Number of protein chains: 2
Amino acid sequence: MPEIRVETDSAHYSVHLGSGLLQPQAGASSLVGLPAKASRVIVVTSPEVERFWGESLRRALGNGIPVNLLHVPAGEQHKRLSTVERLCEELAALGADRDTLLIALGGGVIGDITGFVAAIYMRGIRFLQVPTTLLAQVDSSVGGKTGVNLAAGKNLVGSFHQPVAVIADLDTLRTLPVRELRAGLQESVKSAIIRDAALFDFMEANLDAVLAGDSAALERVVESSIRVKAAVVAADEREGGLRMILNFGHTVGHAIEAATEYKHLLHGEAIGWGMLAAIHLGESRGVLPAADANRMRELIRRTTDLPNFAATTERLVALTGSDKKKRSGTLSFILPIGIGQVEIVNDVTEAELSAAVAAMLAEVQAISRASGVEEPAHAG
Amino acid sequence: MPEIRVETDSAHYSVHLGSGLLQPQAGASSLVGLPAKASRVIVVTSPEVERFWGESLRRALGNGIPVNLLHVPAGEQHKRLSTVERLCEELAALGADRDTLLIALGGGVIGDITGFVAAIYMRGIRFLQVPTTLLAQVDSSVGGKTGVNLAAGKNLVGSFHQPVAVIADLDTLRTLPVRELRAGLQESVKSAIIRDAALFDFMEANLDAVLAGDSAALERVVESSIRVKAAVVAADEREGGLRMILNFGHTVGHAIEAATEYKHLLHGEAIGWGMLAAIHLGESRGVLPAADANRMRELIRRTTDLPNFAATTERLVALTGSDKKKRSGTLSFILPIGIGQVEIVNDVTEAELSAAVAAMLAEVQAISRASGVEEPAHAG
């Protein structure tokens, strides 16, 4: 079973990856990764995930320790400070103290909320990530970014707070809708493009096997993706520099999500489109060879059907400007320069960005025509 | 002008203490302690404090940098996540980014809220403390504890987030009601008892001068108090051990505040009572010499008139049990063993605590009788 170490300035921990990790162990009551000294365990999950995995986790935790369970309804709209406050009040009512361990059982929303609750309850308690979606396993559960949304934008409040461990059980992905699995794989494509040419080659050669449910192939992809994330986060925990490369495809991707009100595309699908825009920008600048650009585009398109959506170039560019990754008036942009290589640039002009977004939107419209879908009358 | 360094694991900064610090400097536009690279400054304050010091601060900041001002109404009831969320939305609306500097201009509530906003907005931006009450200058502005209350209890959510600097202008204390000044001095008495016998001697000899507004005497007390706080925080930023000594008097003090719904006593007054209970406990155990105990009691009583209040021993002891400083079922208690010396013990029994609280309440009742105040019919 792969164990991937994450060594940051503030914490050292392992990501345990494999199958059967949430199965009750014969005799013993210890879940892998569970810290020895926890006075009490409180699991935060959604009703849906609880139905599939709640009982497994309870049994894996054994009887040696008091366990309570708190619910957060599924959906991005619950990722708000009001949910955080309610959970904190419930923790206090349960008598949670500084030795209580929180467990986030679910996807990225559950992990982000639970991690933030752990970051601020009594100024910080420990938490364990048990991600049950591919997106959460390869990306959001590792690296300690926690937080919630404001009305003004996604993830605008939060903390860096590392989990004590991450338990990524591949079995949980079997209960995941195929569209979600595919969308999550776009984060693995991202990891491959920014930092791991071997993963890129493997995905090119084995994507069909991964999508068909081949466990070994899937494990290879998940493991490599987590290793990319772990290495980047170890080098730059608080996103002072290198960690920004994890935002490859996200500047335009976030703008698409905002323009479509987070309803029409899954996060990974929006990132797919965002990567296509960034690839166009790299090619236009002449820093990304056409052959590499074509391989990237091909892999992104094979990974998911990218849904079409309605937005104007102007609106999307405006939304990137309000993106929180803007520093002091300069928009940092992650530019691909080859398979496995990106660079962080601060000199992307609005004209360049507009051209890249327009090229991407042309492709969106081509899909709409091909699929016979009428364009919505009013563009986001 | 004294400059006190605070050197913690996560940050190094100065507390600038003196008079005239908020006066506009001739020509220059630089406030002492202001970091060089701030794209924008947003001041959080209350309408009352703004009236006295808002314009001074604006002028001290000069014209070189955009300055906005946000309001938090005075009062502990506003120290909630809803206020934090509103401030964060206002920051986003103003376009605040990671290079924005927040300034907390006000007392402890303003500092705690603003520091927490700074801790979580975009996962952490810089903030400067400009404390305008004695309590905030000698205690809450230094050390990085930020946070807000839950319905379930005070300061139950928060972060450790150090300011970039603290500017403690003694002039601001001249606009402070005398009762608040006196209550704030109880935190200095606390500092003296836990760690600084020379400060204790000085306060014994010069309390009248301090209360009469003697600047040099007041500066000496404030400086020594801050040095105690800085040294303790440097040794134990996240309250894993030593920092707990700052809670001397606070276990019972917090229970009194909770029992009286934070309305009847100022924080420092409740801490005064709490220290009296802790002193009784130390004496009963035989670890605190009677002569030292008497000197402590005398200084506490001279520093403020301690208002009477209504509560039963049972209620107060129960409230200490729910105090957040409880760790794994053991209540840590800070026991005075001499002037300038305390120890952290974990073996205080409920019987001992009850006896100490009962002794303190007997004194409360003696005051009530002496002042001719009738005891409230129903005890909190």
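Me: Leaving aside neighbours within four places in sequence, which residues is Glu237(B) in contact with?

Reply: Contact means heavy atoms within 4.5 Å. By that rule, Glu237(B) touches Thr8(B), Asp9(B), Ser10(B), Phe160(B), Gln162(B) and Arg243(B), once neighbours within four places in sequence are left out. Before we go on, a word on how to read this: it is a predicted model, where local features need pLDDT of at least 70 and side-chain atom pairs count only at pLDDT 80 or more, while totals for chains, interfaces and linings use all residues. Residues are numbered from 1 along each chain as its sequence is written, chains are lettered from A and ligands numbered from 1 in the order in which they are written, and side-chain values use heavy atoms, with hydrogens and water left out.

Me: Thanks! Where does Glu237(B) lie, and is Glu237(B) buried or exposed?

Reply: For location we use helices (H or I, at least four residues) and strands (E, at least two), which are DSSP runs numbered from the N terminus. Glu237(B) sits in the loop between helix H7 (215-235) and helix H8 (250-259) of chain B. For burial, under 20% relative accessible area is buried, over 50% is exposed, and in between is partly exposed (1.4 Å probe, protein chains only). Glu237(B) counts as buried because its relative accessibility is 8%.

Me: What joins the side chains of Glu237(B) and Ser10(B)?

Reply: A polar contact of 2.6 Å. The term covers a pair of N or O atoms within 3.5 Å; within protein, one must be able to donate a hydrogen and the other to accept it, and residues adjacent in sequence count only if both atoms are side-chain atoms.

Me: Now the two chains together. How many residues of each chain are in contact, and how is the size of an interface given?

Reply: The size is often given as the accessible area lost when the parts come together. Buried area is that loss (1.4 Å probe) for two parts put together, summed over both. Here, 34 residues of chain B meet 34 residues of chain A. The area buried between them is about 3200 Å², with carbon and sulfur atoms giving 50%. On the side of chain B, Leu81(B), Arg98(B) and Arg123(B) lose the most area to chain A, together 25% of what that side buries.

Me: How many salt bridges are there between chain B and chain A?

Reply: A salt bridge is a side-chain nitrogen of Lys or Arg within 4 Å of a carboxyl oxygen of Asp or Glu. There are six between chain B and chain A, and the count over all chains is 42. One of the pairs between the chains is Glu239(B) with Arg98(A), at 3.7 Å from N to O. Another joins Arg80(B) and Glu89(A), at 3.5 Å from N to O. This pair runs from the loop between strand S4 (67-71) and H2 of chain B, where Arg80(B) is, to helix H2 (residues 81-93) of chain A, where Glu89(A) is. Across the interface there are also twelve residue pairs in polar contact (both at pLDDT 80 or more). The largest share of the side of chain B that touches chain A comes from S8(B), with six residues.

Me: And within one chain, where are the partners of a salt bridge found?

Reply: Let's take two cases. Arg227(A) and Glu223(A) form one, with the closest N and O atoms 2.8 Å apart; both are in helix H7 of chain A, four residues apart, about one turn of the helix. In the other case, Arg285(A) pairs with Asp347(A), the closest N and O atoms being 3.1 Å apart. That pair links distant parts of the chain, 62 residues apart: Arg285(A) is in helix H9 (residues 267-285), and Asp347(A) is in the loop between strand S13 (341-345) and helix H12 (350-370), all in chain A.

Me: What about Asp236(A), which is buried yet has no salt bridge: how far away is the nearest side chain of opposite charge?

Reply: Lys and Arg count as positive and Asp and Glu as negative; His and the chain ends are not counted. The nearest side chain of opposite charge to Asp236(A) is Arg243(A), 6.6 Å away. The side chain of Asp236(A) does reach backbone nitrogens: that of Glu239(A) at 3.2 Å, and that of Arg243(A), which lies 2.8 Å from one of its polar atoms.
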